[in-house]
Amino acid sequence: MTTKPYPHQECLRLFEKLSEFIDDELDAVTCQDIEQHLKDCRACTACMQTLKKTVELSKCTGSHPVPETFSENLKNLIRKMS
């Protein structure tokens with residue numbers, strides 16, 4: 001892997017598509033673009049590996065209900081961020 005400096009905006013653009021990339025929901029051209037970026041960008045590769053591991057771990061934990069206040073606080077936080 002080479003460490004090519006990418007503009008921060010390009011890494012953010014890739015980050016927005018990582019979940020779809022991992023779930024194999026993107027077209028071939030977009031996947032190739034992401035794969036090329038990942039070959040050259042150590043930071044994004046680490047981010048993708050962390051996300052993949054998180055998804056794997058979350059599948060192993062099963063479903064557990066959370067307190068209603070936690071759920072509402074999380075929804076409010078997501079609304080503020082979007």
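Because the model is predicted, local features need pLDDT of at least 70 and side-chain atom pairs count only at pLDDT 80 or more, while totals for chains, interfaces and linings use all residues. Residues are numbered from 1 along each chain as its sequence is written, and side-chain values use heavy atoms, with hydrogens and water left out.

In soluble globular proteins, nonpolar side chains tend to be buried together. A nonpolar core here is a set of buried Ala, Val, Leu, Ile, Met, Phe, Trp, Tyr and Cys residues joined through side-chain atoms within 4.5 Å. Buried means under 20% relative accessible area, exposed means over 50%, and partly exposed lies in between, with a 1.4 Å probe and protein chains only. The largest such core has eleven residues: Cys 11, Leu 14, Leu 18, Phe 21, Leu 26, Cys 31, Ile 34, Leu 38, Cys 41, Cys 44 and Met 48. Two or more of them come from each of α1, α2 (18–22), α3 and α4 (42–61), and α3 gives the largest share, three residues. Helices (H or I, at least four residues) and strands (E, at least two) are DSSP runs, numbered from the N terminus.

Met 48 belongs to this core. Contact means heavy atoms within 4.5 Å, and apart from neighbours within four places in sequence, Met 48 is in contact with Leu 18, Phe 21, Ile 22 and Leu 38. Thr 45 is found in helix α4 and is buried, at 11% relative accessibility. Ten residues separate Thr 45 from Glu 35 in sequence, and their C-alpha atoms are 9.4 Å apart in space.

Next come α1 and α3. Their axes come within 11 Å and cross at roughly 130 degrees; axes are lines fitted to C-alpha atoms, for helices over the stretch in contact, and angles run from 0 to 180 degrees between N-to-C directions. Angles under 35 degrees count as roughly parallel, over 145 as roughly antiparallel, 65 to 115 as roughly perpendicular and the rest as oblique, so α1 and α3 are oblique to each other. Where they meet, α1 supplies Glu 10, Cys 11, Arg 13 and Leu 14, and α3 supplies Asp 33, Ile 34, His 37 and Leu 38.

Side chains of opposite charge can pair when their charged atoms come close. A salt bridge is a side-chain nitrogen of Lys or Arg within 4 Å of a carboxyl oxygen of Asp or Glu, and the count comes to two. One joins Arg 13 and Asp 33, at 3.2 Å from N to O. This pair links distant parts of the chain, with Arg 13 in helix α1 (residues 8–15) and Asp 33 in helix α3 (residues 28–40), 20 residues apart. Arg 13 is partly exposed at 35%, and Asp 33 is partly exposed at 35%. The other joins Glu 72 and Lys 75, at 3.9 Å from N to O. Both residues lie in helix α5 (residues 68–81), three residues apart, about one turn of the helix. Glu 72 is partly exposed at 31%, as is Lys 75 at 39%.

Most residues other than glycine have a negative phi. Asp 24, however, has a positive phi, near 60 degrees, and is exposed, with a relative accessible area of 63%. Glu 25 is found in this loop too and is exposed at 55%.
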